[in-house]
Amino acid sequence: MASPTPRITVLGSLNIDLVSYVSHHPQPGETMTADSVAVSPGGKGANQAVACAKLSRPRPSSSASSSSEQEEKPTAHVSMIGCVGDDTYGNLLRTNLSKHGVDVSGVQVREGLKTGMAIIVVDKPTGENRIILSPEANHALRAGDITTVGDLSTGTGNQGGQNEKPDLLIMQLEVPLETVLKALTVAKENAVPVLLNPAPAQKLPEEVYQGLAHLVVNETEAALLGECEVSVLDTEEGLEKVASGFINRGVETVIITLGGRGVYYMTGKGGERKGLLPAEKAKVVDTTAAGDTFVGMYALEVVKAGAGAEGRQQFDVEAAVRKSNKAAAKTVERAGAQDSIPWRDELVE
């Protein structure tokens, strides 16, 4: 009997991105003309769902040339939970998710609300971005929407029409914090491992860290949640200190992404496995969705290892980080968010 396909649920935001590409970030009071403008699907939640889906399967156009039916099977079933407005942008977001293989039966359309929007300014010479977020319908996803473990799954990928609990729940902080906390509680009560990417960063209750399977943060988030200056993370000693702090608070695996410097990881009791891995070389065009791509690839490696204590033992965090680094490097070489995320076959050696 074939093993069931692992299930990943992403609970989070869906935004439409309005992106301007400029020669430099404007100074206070400066008006400037953009080189180009793009309108594209985004939102950290939706980006991470698309990353999981695209990295779990080859490009649709390559299916005819595949030599094996097994190679074509997605390595994970990916579901999205969130809210959009009853407008054109909301329809575009749902359609784009479905096109990339994401189950959208958990994406609610809220009447009378606008779809979330992000205003993004990309500095073309460096690829660095600045983002202003307007949550809109994203904040209509309330704690009351998550009451049982069945609410953390969706119906179209379940056998026999039964809601099976996911093998991994991924969340960010672009939806109301009380919703994230409720989902986290329900997940822990039902032994569903959680990957938390706390962005945009804000202070979190201590119980969030207790039993949290995976914490993925960048430098700013690590400093805020670790209650230290960002400069502390300039050295490997500082990174180890901050990561150890999260491990001591109950996190099982800590990942700190450092942009061009690479990624620091720590896992196991007492942080027995740890290291700083260099970044992949890339010609940076646009850093939008790089972190989301990293999360997507990392999540696929987590569920590939399997569930429970045996899965945690088999999970090779260093190998997962290396693969995630490679996927993120591919993303920054392209413009846009979800369109820039690579398919699985684009990462083949």
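Student: Where is E136 found?

Tutor: E136 sits in the loop between strand 7 and strand 8 (168-171). Strands here are DSSP E runs of at least two residues, helices are H or I runs of at least four, and both are numbered from the N terminus. This is a predicted model, in which local features need pLDDT of at least 70 and side-chain atom pairs count only at pLDDT 80 or more, while totals for chains, interfaces and linings use all residues. Residues are numbered from 1 along each chain as its sequence is written, and side-chain values use heavy atoms, with hydrogens and water left out.

Student: Why is E136 called partly exposed?

Tutor: Buried means under 20% relative accessible area, exposed means over 50%, and partly exposed is in between, using a 1.4 Å probe and protein chains only. E136 has 39% relative accessibility, so E136 counts as partly exposed. E136 also has a positive phi of about 50°, although it is not a glycine.

Student: What makes A191 exposed or buried?

Tutor: The value for A191 is 59% relative accessibility, so A191 is exposed. Its place is the loop between helix 4 (177-189) and strand 9. A191, too, is not a glycine and has a positive phi, of about 55°.

Student: And how do you know which label A223 gets, buried or exposed?

Tutor: At 5% relative accessibility, A223 is buried. A223 belongs to helix 5.

Student: What does A223 touch, leaving out residues up to four places away in sequence?

Tutor: A223 touches C228, E229, V230 and L233; contact means heavy atoms within 4.5 Å.

Student: Why is helix 1 said to be largely enclosed?

Tutor: Of its 12 residues, 12 are buried, so helix 1 is largely enclosed by the rest of the structure. Among them are K44, N47, Q48 and K54.

Student: How do you know what span to expect for helix 1?

Tutor: The expected span is 1.5 Å times one less than the number of residues. Helix 1 has 12 residues and reaches 16 Å from its first C-alpha to its last, close to the 16 Å expected.

Student: What makes a set of residues a nonpolar core?

Tutor: The members are buried Ala, Val, Leu, Ile, Met, Phe, Trp, Tyr and Cys residues joined through side-chain atoms within 4.5 Å. The largest such core has 44 residues, and I8, L97, I170, I255, Y298 and V321 have the most contacts inside it. Helix 7 gives the largest share of this core, nine residues. Apart from it lies another core of 41 residues, including A222, A223, L233 and V251.

Student: Which residues does L97 contact, leaving aside neighbours within four places in sequence?

Tutor: L97 is in contact with L14, A46, A49, V50, M80, V102, V104 and V107.

Student: What makes a space a pocket?

Tutor: On a 1 Å grid over the protein atoms alone, a pocket is an open set of points with protein on both sides within 12 Å along at least five of seven lines, and lining residues have an atom within 4 Å of a point. The second largest pocket is lined by 46 residues, with N218, T257, T287, A290 and G291 nearest its centre. Helix 7 gives the most to this lining, five residues.

How values were computed
1 Å grid on protein atoms, 1.4 Å probe; cavity = no way out; pocket = protein on both sides within 12 Å on 5 of 7 lines; lining within 4 Å.
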